[in-house]
Amino acid sequence: MINRKYFYQGLKSLISARSPAIALACSFIALGALMHNAGFNLQQSAASSFFTYALPGQLVMTESFLVGASLVNIFLSVWLVNFRLYPMSVALVPILKHKSQPRWKYYLSCHMIAVSSWLIMKETYKKIDQKYRLDYWLGIGCGTLSAAVISTLIGFLISDYLTKGMMIGLAIVNPVYFLCMMIGAMNNLKIIVAVLSGALLGPIFYLVTPEWSILIAGIAGGTIAFLIKDKKNGSI
Amino acid sequence: MDLSSNLILVIVVTSIATFASRFFGILTAENISDKSKLFDWFNCVAYSILAALTARMIIFPAGALLESTLLIRLIVISISIVVFMYSKKNLVLPTILSFILLTFLSGIY
């Protein structure tokens, strides 16, 4: 079924010096507190983190619910804000694939695709035998997903004790984590250009079209990076 | 419809909207090799989207971060990155530090 050795190895990424646990904990504690204040109950908050497991989408959901948006509107805005998961999945599955792995594992594993787990996998997959990468990935995924659900519960329960300053402090941790992980990933020209152009274009497009800015900046920045790599390959 | 079942519907709708992107990603990737150009393009786009998202979160934040100034956010982030670089790329230290720093600084300003 699942190779335990590799599953545990993936799970252990949560207790290393490069652990995403602090970033996950901070952002989902803030989310739990927010959902409490928005009128969700404990079970609903935990279920949301378990079944959605994508922070920006859950934030949009909570905000849309508060302003009384319709279900169709909530669906569309969540879909748009979480659409980043589509290119992330396409850029992940080929490195996990192995003919010996059963199909159901891929479908199970796709639920665990989120920014933090994805960045860890991208950083470490080359050290893992291709045959067992899916088991390793499930370990990372189960660890990060559990951390998110537990943190949501904690945030919900302690929301009355969180000061305004602490809520502001919690909100900076995720961007800091993403930024550090991306700096760590910038070890070849292609990724450097992709990250820098995305970071530059994102805020610029935001001024023109806030909803679509991330997607457009990502496609534009990614394509620029892709073409640079192509040129280099052509000259070799 | 009462509030509670409405909330459950909201959660279900959000989960489906999110899972759709993951699932279609898997379907698209079915016949893509990790050595193909298409994979390469998707990889570049994924990194670029994450960078755009992170930059937006810092420069045009939503929610609680709106109550801090851009200057303070940039100071906290710069210090965290320096700690990251000088701690053999440890991630636990800069993340904890950023929380403490911004909590403290947002209390002052």
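Predicted model: local features only at pLDDT ≥ 70, side-chain atom pairs only at ≥ 80, totals over all residues.

Colleague: Let me start with the chains. Into which domains is chain A divided?

Modeller: Domain bounds come from an automatic or database domain assignment. For chain A the assignment gives domain 1 (4-173) and domain 2 (186-236), and the C-alpha centres of these two domains of chain A lie 24 Å apart. Chain B is assigned domain 1 (1-31), domain 2 (32-61) and domain 3 (62-109). Between the C-alpha centres of domain 1 and domain 3 of chain B there are 33 Å.

Colleague: How many residues does the contact take from chain A and from chain B?

Modeller: Two residues are in contact if their C-beta atoms, placed from the backbone, lie within 7 Å. Here 83 residues come from chain A and 70 residues from chain B. On the side of chain A that touches chain B, helix α11 (residues 164-185) of chain A gives the largest share, 18 residues. Helices (H or I, at least four residues) and strands (E, at least two) are DSSP runs, numbered from the N terminus. That side of chain A has 60 nonpolar, 19 polar and 4 charged residues. In this scheme Ala, Val, Leu, Ile, Met, Phe, Trp, Tyr, Cys and Pro count as nonpolar, Asp, Glu, Lys and Arg as charged, and the others, Gly among them, as polar.

Colleague: At what angle do α11(A) and α4(B) pack?

Modeller: The general idea first: two packed helices are described by the angle between their axes and the distance between the axes. Axes are lines fitted to C-alpha atoms, for helices over the stretch in contact, and angles run from 0 to 180 degrees between N-to-C directions. For α11(A) and α4(B) the angle is about 145°, and the axes are 7 Å apart. The crossing of α11(A) with α4(B) is right-handed. A crossing is left-handed if the near helix is turned anticlockwise from the far one by less than a right angle, and right-handed if clockwise. Among the residues that meet are A:Gly165, A:Met166 and A:Tyr177 in α11(A), and B:Pro94, B:Phe99 and B:Gly107 in α4(B). This contact divides into 12 nonpolar, 7 polar and no charged residues.

Colleague: Now single residues. Is B:Ser21 buried or exposed?

Modeller: A residue is buried if 20 or more other C-beta atoms lie within 10 Å of its own, exposed if 12 or fewer, and partly exposed in between, with C-beta atoms placed from the backbone. B:Ser21 has 23 C-beta neighbours inside 10 Å, so B:Ser21 counts as buried. B:Ser21 lies in helix α1 (residues 3-29) of chain B. Leaving aside neighbours within four places in sequence, B:Ser21 is in contact with A:Asn82, A:Phe83, A:Leu85 and A:Tyr86.

Colleague: Why does A:Leu66 count as exposed?

Modeller: A:Leu66 counts as exposed because there are 12 C-beta neighbours inside 10 Å. A:Leu66 is in helix α4 (residues 55-66) of chain A.

Colleague: What is the phi of A:Tyr53?

Modeller: Phi of A:Tyr53 is near 45°, a positive value in a residue other than glycine. A:Tyr53 sits in the loop between α3 and α4 of chain A.

Definitions and conventions:
Residues numbered from 1 in each chain as written. Chains lettered and ligands numbered in written order.
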